[in-house]
Amino acid sequence: MKELRDHFEITAHPQNAGEVRERIRTLALEAGFIGLDLGDIEIATGEAVTNAILYGSPNSGSQILISCCFTQNALHIEIRDQGHGFDPARIPVDVGTDALGGRGICLMRALMDQVDLHYDGKGMSAHLLKKLRH
Ligand SMILES: Nc1ncnc2c1ncn2[C@@H]1O[C@H](COP(=O)(O)OP(=O)(O)OP(=O)(O)O)[C@@H](O)[C@H]1O
Ligand SMILES: [Mg+2]
């Protein structure tokens with residue numbers, strides 16, 4: 001069974017978000033994801049890394065760690081920041097249609113099979129999981 005891994009870090013600058021989306025997309029393609037699923041992975045990854053840059057990086061030199069692995073027919077992406085975290089329980093299950101923002105986490109949940117957000121005292125980590133369906 002196919003197993004793939006990528007592990008890297010970026011400095012928390014907005015211009016580095018594209019590199020994360022690209023690298024995850026490359027690994028997902030190699031794993032066999034296609035079409036809409038590939039787009040879902042890219043969008044959810046972009047939302048998670050944007051949050052890590054905007055809210056999880058105390059200064060411009062803060063690092064964000066990205067781990068991605070494809071194993072047992074599922075893609076696991078972890079995005080870990082160095083911020084003060086937040087309580088994911090306060091994120092609504094659904095955002096109203098008239099809300100202008102606050103959609104990122106709801107989007108991640110809609111597009112991925114599983115989304116887990118944890119704070120471990122050192123930073124926040126977002127785990128995103130997408131199953132390969134074919
Ligand atoms: N890594 C993080 N560290 C600290 N707080 C976070 C983190 N990710 C999200 N949050 C908090 O959760 C809130 C909701 O995040 P979400 O991505 O759903 O919406 P948003 O970033 O406010 O807006 P949008 O993603 O639609 O531009 C954020 O406003 C922020 O307060
Ligand atoms: Mg967001």
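**The whole chain.** Display the complete model, which is predicted. The chain holds 3 helices and 5 strands, and from the N terminus on these follow one another as β-α-α-β-β-α-β-β. The radius of gyration is 14 Å, close to the 14 Å that the globule rule gives for 134 residues, so the chain is as compact as a globular protein of that length. Its C-alpha trace spans about 40 × 35 × 25 Å along the principal axes. Buried residues account for 31% of the 134 residues.

**The sheet.** Select the strands next. They form an open sheet of 5 strands in the order S1-S2-S3-S5-S4, with antiparallel pairing. Strand S1 (4-11) and S4 stand at the edges with a single partner strand each, so one side of each has no neighbour in the sheet. On average, neighbouring strands are turned by 10° against each other, direction ignored.

**A strand pair.** Within the sheet, select residues 74-80, strand S3, together with S5: the two pair in the antiparallel sense over 7 bridges. Here Leu75 stands opposite Lys130 in S5.

**Helix H3.** Finally, select residues 104-111, helix H3, where Ile105, Met108 and Leu111 are buried. These residues lie on the same side of H3, because they cover an arc of only 135° around the axis. What covers the buried residues of H3 includes helix H2 (35-55), strand S4 (114-119) and strand S5 (124-131).

Definitions and conventions:
Residues numbered from 1 in each chain as written. Chains lettered and ligands numbered in written order. Predicted model: local features only at pLDDT ≥ 70, side-chain atom pairs only at ≥ 80, totals over all residues. Buried ≥ 20, exposed ≤ 12 C-beta atoms within 10 Å, placed from the backbone. Helix = DSSP H or I, 4+ residues; strand = E, 2+ residues; numbered from the N terminus. Arc of directions from axis to C-beta. Contact = placed C-beta atoms within 7 Å. Rg over C-alpha atoms; globule rule 2.2 N^0.38 Å. Pairing = 2+ DSSP bridges. Axes fitted to C-alpha atoms, helices over the stretch in contact; angles between N-to-C directions.
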